Amino acid sequence: MVERKISNLNDEFDLRLFLKVARKNIAWIVLFFVISFLMAFLYLRYTYPIYEAKSIIQIGLADKNSRMILSDVSMKPLKGDLPSKIELLRSNTFIGRVLGKLPLDASYYQIGSVLNYEMYRTSPFELEYRSPINELYNVPVYFSFLDEKNVTLTVNLNNKENVYRLKTGVWERLPIIDSLKVNIRNIQKIRDDMLGINENPYYVIIHKKENLVREYSANIEISAENEAAGTIKVLFYERNPEKASDICNTIAEEFKAYDIEKQAESSNNTIRFIDNQLKTIYDKLYDSEVELQNFKTRNRLDDETPLPDFGSRINDLESDYNRLELQEATLETIQDAIDTRQDIDVYKLVSLLAGTTSQGLLNSMLTDLRQLMSRREKLLYSKTESSAEVSQIDYEIEIQRKLLIEAVLSVKKSINDQKAEIQNRIDAYEDELKRSALNFDKIEFIRLSKLNEITQSYYNRLVTIKSELTISNAGITSENTVLEASSTPAAPYFPSRRLVALSAFLGWIIVSLALIVIRYLFYNEITSLNEIMKYLEVPVLGIVPNYKDVIPISQLIVDKKPKSIIAESLRSIRSNLEFLSNREGPKVLAITSTISGEGKTFVALNLAGIIAFSEKRVLIIDLDMRKPKIHVGFGVPNDKGMSTILINRNTIEDCVFKSSLNNLDFITAGPIPPNPSELIISARMLEVLEELKQTYDVIVIDNPPVGIVTDGIRVIKLADYPVYVFRENFSKRNFVQNVKKLIRDNNIQNLSIILNSVDIKKSGYGYSGVYDYDYGYGYGYGFGYYDEDIRREKFSIKEFFRRLISK
C-alpha cells in the first residue's frame, strides 16, 4: 500500500477546525474590529467633507409668436444644440461670469478644534480693500478682535510675521495693502468666538479673480442628463454646502440670462444701427424740407396752391407701358418656340411667364403640351414613327399647339390695345402740362417734393421698426428652463459615512478571514484521532479527556476522583490493553511521546493507578534520567533510583517507594548520570526488569521522549505494551512521521496510540454509562523539557449557565 504523505498545510477543509482556529484568534478578530472602525472614525473626523450640489437645465426653443410682434421683425430663435450648450457652460468665459456674480474674492474661515470651516455669507465681519500686494494673495491673514473698535491683523510673509493693529469701520493704509477697512456685522458672535482657546479664531484668504476660474472650474461637472429630453446636469463640489448650492444655482440662472442676452443681441444691434440712421436721415429730412420751403418762397407758392400732379401720373403710366412691353416680348418668345416646332422647355417658358397677367392660362396649356410630348417620347421606345399610337399623339400635340398659338395671339392683341390706350393718356397729360398757367420749374418742384416725401417715409419706417424691436425685446424669454434647482445638501458627498463604515466592515472581515485562513492552513496540530488514523495503521487504545481543575503536584488524580470521566477513559484503555495481549504473566508497559509536554507522565501515573485498582501490583519506573519528574510528584528525594540501580550502587529493594495508593509502588530516576543511554541499553537493565517481574504484575515505564533522544527505544522494543502518547491541539501533525519511522526502523509491531487532553464536548467523543462530571486536564507546558507553570482555567458565569442549560 502506498504510504500517504503528511502535509504541513491543511489541504482539506474541516469546518470544526476552522471554527476552532477562529475561536483561538478571537482576540485578534476583536482587535481588528476595533482598529478598523477606529480608523474609519478618525478618517471621518479628520477628512474635510465635500458636498455635492446639483441642478438640471432643459434646453428648448421658445415660441416664435411670443417674440415676434409684427411680421416684419424676423428674429430666429437660437438652435437648441445640446453639445454646444454644454461646452458653453464649461467655458472659462461663462464660469468667470458666474463667479463674478458671487462674493468669492475673499474667503472667511473660522479655526475649529479639528477642522477649519468657511463662513460663506455668515462671517461676523467683512473686509473692504483696494490694491493688496501680490504676496498677500492666497495667504491666510489672521484676525483677532480686541474689542468692538480694535482688531489685530497677523500675516506671515516671506517667513516674517507681520502684526498690525487696526480700527474697525475706518479705512487704514498698510504696507501690505493700499486701503483696508474691517466692518463688523455680528459683534455678539465675535465675542463668543473670542472666548475659545484660539487667539486668532478667524483668518481670511484673498483671491485673484483671474485664478478663481481655474480653481473652481475643476469642481464643476457638466454632462447631458437626457439627450432626447434636452436636459443638462450641473454638479458642483465644495467643502461648504451653502456655497456649493449657491454656485450651482447661479450657473443655472446665469445660463438663462445669457440665453436672453444672446436672443436680444441681434435686435439690439439693429436698434443701434437704426439710431445711427435716424440721426443721418433726420438731417437729410431737415435739409429737404428747408430746400422745398425755399423753392415755394421764391415762386410765391403756399400750401393751398393747387399743384398739378401730371408728372407722377405720367411716370406711373410709363411704368405700366414698360410692363406691357415686357409681357409682349415674353409672348413673342413663346410664339417663336411653338412656331418652329422645336423641343419645348416648358419650365423655361413657365419662368418667363412669371408675373404676367396671362400666367395662369398659358401655364396650364404649356403643361398639357409637355405631357403629350413626354407620352410620344415614351411610345417611341416601343413603337415606330408610323404607328397608329404615335400618329394619334402627334395629332393631339398639333391641336394643343394651335390652341396655344391662338391664346398667345389673343393675349398679344389685348396687350397692344392696352398700350395704345396708355400712350393716349400720356400724350394728354403732357399737353395739359404744357398748357398749365403756373410759371415755375415744375420738374424741379416735383423732384424736391418727391425727395422730401421719400425721406419722410424712410424716417417714419425706421421709427416704426425701432418701436417694434423694443417691444419684441420686452417679450423675450429664455429658451432654457431650470427643471431642478439646487438645495443646500444636508449630508456630504465625500466621505460617505455609509461607504466608509461598509469599507471598515469589509476590511475587518477580509483581514480577519485572511488571518483565520492563514492560521488554518498552517495549523499543524493534531485535532482529533481521525488525523492520526488517517496516516497510521496502529491500534488506538483510547483518549484521555482534558482536566480543567488544578492538577496536584503528583499528577495522580484517579485516586481522588475514581468516578470521573478521566478515570473511566483510563479504565477503557486498561480494558483495551487486555485485547492487545492476553498472555499470562507480568507485563511491561512502556509509555513515550515525541516531545515533552504531551502528557506521557500524566498518562503513565494515572493509568498505573487505574491498573492498581484492579488488585494488581503495579510499579512505576521513571526512566527519564535526563530530567526526572516523578520524585517531585510523590515528594521523595531523588538521591537514589534507576541510575544507581543500573550501576549497582543500590539494590532494587533500596529504591522502591510505596505510594499512597494500594498496590502502587514507584522507582525514581535517581541522580542524573552523564551517560543515560548507555545505562538504559545495558544488560543490567534487562536483569532489573526480569527481577521486577518476579514481584509486580504490571511495570509501567515512563520513557524519555523518543523525538528528542533515543534512550527509550530499546525499552519500547522490549515492552509488552509499547504506548505512544499524542496531545490534542499540541502535538504536531508531522509527529506521526516519527511514529512511522519508529515502527519501520525498529520493527515494533504492537505499538498503540493514546490521544491525550481531548476536549470531548467539541470533539464529539464520549463514554456511555459514565457520570457526567466535566473534568479534564489542561496543564500548560513551557519551553522546558517537561511540564511547567500549571494553572487552573478560568470559569465564567456565562460558561456556567451554558453548561447548566446543556445538562
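Is glutamate 687 buried, partly exposed or exposed, and what is its relative accessibility? I looked this up in the predicted model. Glutamate 687 comes out at 45% relative accessibility, so I noted it as partly exposed.

**Entry 1: the partner of glutamate 687**

I checked what glutamate 687 pairs with, and found a salt bridge to arginine 684, with the closest N and O atoms 3.4 Å apart. Both residues sit in helix α22 (residues 683-693), three residues apart, which is about one turn of the helix. A reminder to myself: side chains of opposite charge can pair when their charged atoms come close.

**Entry 2: salt bridges elsewhere**

How many salt bridges does a search of the whole structure find? I got 28.

One of them joins lysine 181 to glutamate 128, and here the closest N and O atoms are 3.8 Å apart. Lysine 181 is in strand β9 (residues 177-184) and glutamate 128 is in strand β4 (residues 125-132), so this pair ties together parts 53 residues apart in sequence. I looked at accessibility too: lysine 181 counts as buried because its 16% falls under the 20% cut-off. Glutamate 128, at 31%, counts as partly exposed.

Next I went to aspartate 275, which forms a salt bridge with lysine 466, the closest N and O atoms being 2.6 Å apart. Aspartate 275 belongs to helix α8 (residues 241-298) and lysine 466 to helix α13 (residues 442-474), so the pair ties together parts that are 191 residues apart in sequence. Aspartate 275 is partly exposed at 26% relative accessibility, and lysine 466 is partly exposed at 29%.

I also jotted down a network of salt bridges that links Lys24, Glu525 and Lys732.

**Entry 3: an open sheet**

Then I traced a sheet. Eight strands form it, in the order β14-β21-β20-β15-β19-β16-β18-β17; the sheet is open and its pairing is mixed. Which strands stand at the edges? They are β14 (540-545) and β17 (656-658); each has a single partner strand, so one side of each is left without a neighbour in the sheet. From one strand to the next, the twist averages 25°.

I zoomed in on one pair: strand β15 (residues 587-593) and strand β20 (residues 721-727) run in the parallel sense, joined over five bridges. Serine 593 has valine 725 in β20 as its bridge partner.

Last, I looked at what lies across these strands. Helix α16 (residues 565-580) lies across β14, β15, β20 and β21 (752-758), and I noted its angle to β14 as about 170°.

Key:
Residues are numbered from 1 along each chain as its sequence is written. This is a predicted model: local features need pLDDT of at least 70, side-chain atom pairs count only at pLDDT 80 or more; totals for chains, interfaces and linings use all residues. Side-chain values use heavy atoms; hydrogens and water are left out. A salt bridge is a side-chain nitrogen of Lys or Arg within 4 Å of a carboxyl oxygen of Asp or Glu. Helices (H or I, at least four residues) and strands (E, at least two) are DSSP runs, numbered from the N terminus. Buried means under 20% relative accessible area, exposed over 50%, partly exposed in between (1.4 Å probe, protein chains only). Two strands pair if DSSP finds at least two bridges between them. Axes are lines fitted to C-alpha atoms, for helices over the stretch in contact, and angles run from 0 to 180 degrees between N-to-C directions. Contact means heavy atoms within 4.5 Å.
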